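This report covers charged side chains: how they pair and where they gather.

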Amino acid sequence: MERTSTANDLTDRLGRRLETERREIEELTASELKRLGENSRRVARRALRSIERDTAEAVGKMRELLVKAWLRPLIVGMALWLGIFAGGWATMQWLARSVQDRVEDIELANIEIEGGREMIAEIEETTWGVGLREVNGVRYVTLPRGTPVLTAFTVDGRPYVELSRR
C-alpha cells in the first residue's frame, strides 16, 4: 500500500526536518562559538602575558631611570651638604681656637700688667715716690706730692735735692 502524501504530512516532515537542521545548526554554532571562545581566551591570555611582560620590563626601566634621576641629585646634594657642614665645622673650630688664643693672650697680658703694677708700687715704695722725667730734652726729678724742697746742692758733681723730713 502506497501512501500518498498529504499537505499536512509534507508540512510535518518539513517541520521536523527544519527542526533537525535548526538543532544541528545550533549545535554547530555552539561548537564553533565554544571553539572561538577558547581561541579568543588563548589569544587574550597570550596578549595579557605579553602586555604584563612588556609592562614589567617598562616599569623596571622606569624604576632604573627614576633611581638614576634621583640618585645623581641626591649624591650631589649630600656631597654639597657634607662639604658645607664640614667647612662650617672647621671654620667654627678655627674661630673657637682663635678666640681661645686671644682670651689666653688677654689673660697673660692682664697678669703681666698686674705684675707691672706691683713692680711700680714696689719701685715707688723703695724710691719714696721719687721719679725721673725728661720734658723737651730737660731732665727733672719728680717728688711725691706735698714734699717741700729745702735746698739744692751737688755731691760728686751731681745735683741733689734735699727733702724735708716733715
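Arg-23 has a relative accessible area of 43% and is partly exposed; buried means under 20% relative accessible area, exposed over 50%, and partly exposed lies in between (1.4 Å probe, protein chains only). The model is predicted, so local features need pLDDT of at least 70 and side-chain atom pairs count only at pLDDT 80 or more, while totals for chains, interfaces and linings use all residues. Residues are numbered from 1 along each chain as its sequence is written, and side-chain values use heavy atoms, with hydrogens and water left out.

Arg-23 forms a salt bridge with Glu-19, with the closest N and O atoms 3.8 Å apart. A salt bridge is a side-chain nitrogen of Lys or Arg within 4 Å of a carboxyl oxygen of Asp or Glu. The two residues, Glu-19 and Arg-23, lie 4 residues apart in helix H1, about one helical turn. Helices are DSSP runs (H or I, at least four residues), numbered from the N terminus.

## Other salt bridges

Glu-19, partly exposed at 28%, also forms a salt bridge with Arg-22, where the closest N and O atoms are 2.1 Å apart. Glu-57 and Lys-61 form another, at 3.5 Å from N to O. Salt bridges that share partners join Glu-19, Arg-22, Arg-23 and Glu-26 into one network. The whole structure has 7 salt bridges.

## A positive patch

Arg-41, Arg-42, Arg-45, Arg-46, Arg-49 and Arg-53 form a surface patch of positive charge. Patches are made of residues with over 30% relative accessible area and no salt bridge, with like charges joined within 9 Å and nonpolar side chains (Val, Leu, Ile, Met, Phe, Trp, Tyr) within 5 Å. Arg-41 belongs to helix H1, residues 7–126.

Conventions. Accessible areas come from the Shrake-Rupley method with a 1.4 Å probe; for residues, only the protein chains shown count as cover. Lys and Arg count as positive and Asp and Glu as negative; His and the chain ends are not counted. The place of a charge is taken as NZ of Lys, CZ of Arg, CG of Asp or CD of Glu.
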